[in-house]
Amino acid sequence: MPSLVLAAPAKINLLLAITGRRADGFHDLLSVVAALDLADTLAAEPASEMSLACDDAELPAGAENLVLRAAAAFRRETGWGGGVAFRLQKRIPAGAGLGGGSSDAVAALRALNQLAPPDRRLHQQGLTRLAAELGSDCPLFLAEGPVVLRGRGELIEPLLPTEVARLRGRRLLVFKPAFGISTPWAYARLAAGAPSSYWPAAAAEAWLARWRADPAAPVEALLRNTMEAPAFAKFPALPELLAQLQAAAGVEGRMSGSGSACFAFLPEGMPVAPLVALVRSCWGPSAFVTEARIA
Ligand code: C5P
């Protein structure tokens, strides 16, 4: 079996409404997510055992890495005893709310499902269940195109083709300060705040329905993220830069997921260099900043 090379795309949350806390400790949400052309690359080659090499020395490449956790879960689920040597080339920053680790895990599941003998392979339903077990953000990476998420992120509704067409190919600036934000920390802060820090599900659904019903509504009418409140309270550098981008270029920036990465849609033809310079002057030279498009 020849080796495989898969793209593991980043995602952004165009809409992220945390609607309440559940009895199992997780949170219910309503989200619209879209994959970007910004992606990690995962190469997978048949081998005697499972291993991972990663070009980013800062990232743990041991058993706790989501790629190897995906491999262990796949072997347990299917009973397959084979091995795969994974090589991961990172481009998506970690601790960003861009789903990089989750996407790598799903790319690993896809690779394993192709490299395993046919009688050990999982169907879509099995893959989705395994992905949900690995992380709330994982199942979305099994879907094609922008989708609506509900539950704790595992219930996936594809957008209609006309809705997808309003998003696909749109140009963005994606930027992240040198620090990351831990997802459990962000949820814990939300849970510790007033009950009003949640967005009631009915109101969030109405917000989404309004955007879906109006083909002329700009993408900015969809953008909202309830996780900004705890993140912005703790890290004022985030809202400060978004305000400066708005003032300098008239673009509306939003945080993705639990942060710390943010994004802003850019009109075609708007020069990106002044925006990159603004990000770096606010957040320092080690800030991550890149242009991207919705895949
Ligand atoms: O599922 P995942 O491992 O990405 O979740 C990390 C943490 O984020 C969970 O342990 C939980 O604290 C929080 N979380 C949540 N509700 C979600 C997703 C994540 O409370 N829907």
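I note at the start that the model is predicted.

Ligand shell. I listed the residues around the ligand: Gly25, Phe26, His27, Leu29, Gly135, Ser136, Arg152, Thr183, Pro184 and Tyr187. I sorted this shell by class and got 4 nonpolar, 5 polar and 1 charged.

From an oxygen atom of the ligand to an N or O atom in the side chain of Ser136, I read 2.6 Å. A polar side-chain atom of His27 is 2.7 Å from an oxygen atom of the ligand. With Arg152, a polar backbone atom lies 3.1 Å from a nitrogen atom of the ligand. I then checked the cover: on its own the ligand has 450 Å² of accessible area, and the protein covers 72% of it.

Site. I checked the pockets and found that the ligand takes up the space of the largest pocket. Two elements give two or more residues to the shell, strand 2 (27-47) and helix 5 (183-192). I noted that helix 5 gives the most, with 3 residues. By domain, the shell draws at least three residues from domain 1 (4-158) and at least three from domain 2 (169-203 + 211-293).

Backbone. Which peptide bond did I note as cis? I noted the one from Gly259 to Ser260, with omega near 10 degrees. I placed Ser260 in the loop between strand 9 (253-255) and strand 10 (262-265).

Definitions and conventions. Residues are numbered from 1 along each chain as its sequence is written. This is a predicted model: local features need pLDDT of at least 70, side-chain atom pairs count only at pLDDT 80 or more; totals for chains, interfaces and linings use all residues. Side-chain values use heavy atoms; hydrogens and water are left out. A residue is near a molecule or strand if one of its heavy atoms lies within 4 Å of it. A polar contact is a pair of N or O atoms within 3.5 Å; within protein, one must be able to donate a hydrogen and the other to accept it, and residues adjacent in sequence count only if both atoms are side-chain atoms. Accessible areas come from the Shrake-Rupley method with a 1.4 Å probe; for residues, only the protein chains shown count as cover. On a 1 Å grid over the protein atoms alone, a cavity is a set of points where a 1.4 Å probe fits but cannot get out, and a pocket is an open set with protein on both sides within 12 Å along at least five of seven lines; lining residues have an atom within 4 Å of a point. A molecule sits in a cavity or pocket if more than half of its atoms lie within 2 Å of its grid points. Helices (H or I, at least four residues) and strands (E, at least two) are DSSP runs, numbered from the N terminus. Ala, Val, Leu, Ile, Met, Phe, Trp, Tyr, Cys and Pro count as nonpolar, Asp, Glu, Lys and Arg as charged, and the others, Gly among them, as polar. Domain bounds come from an automatic or database domain assignment.
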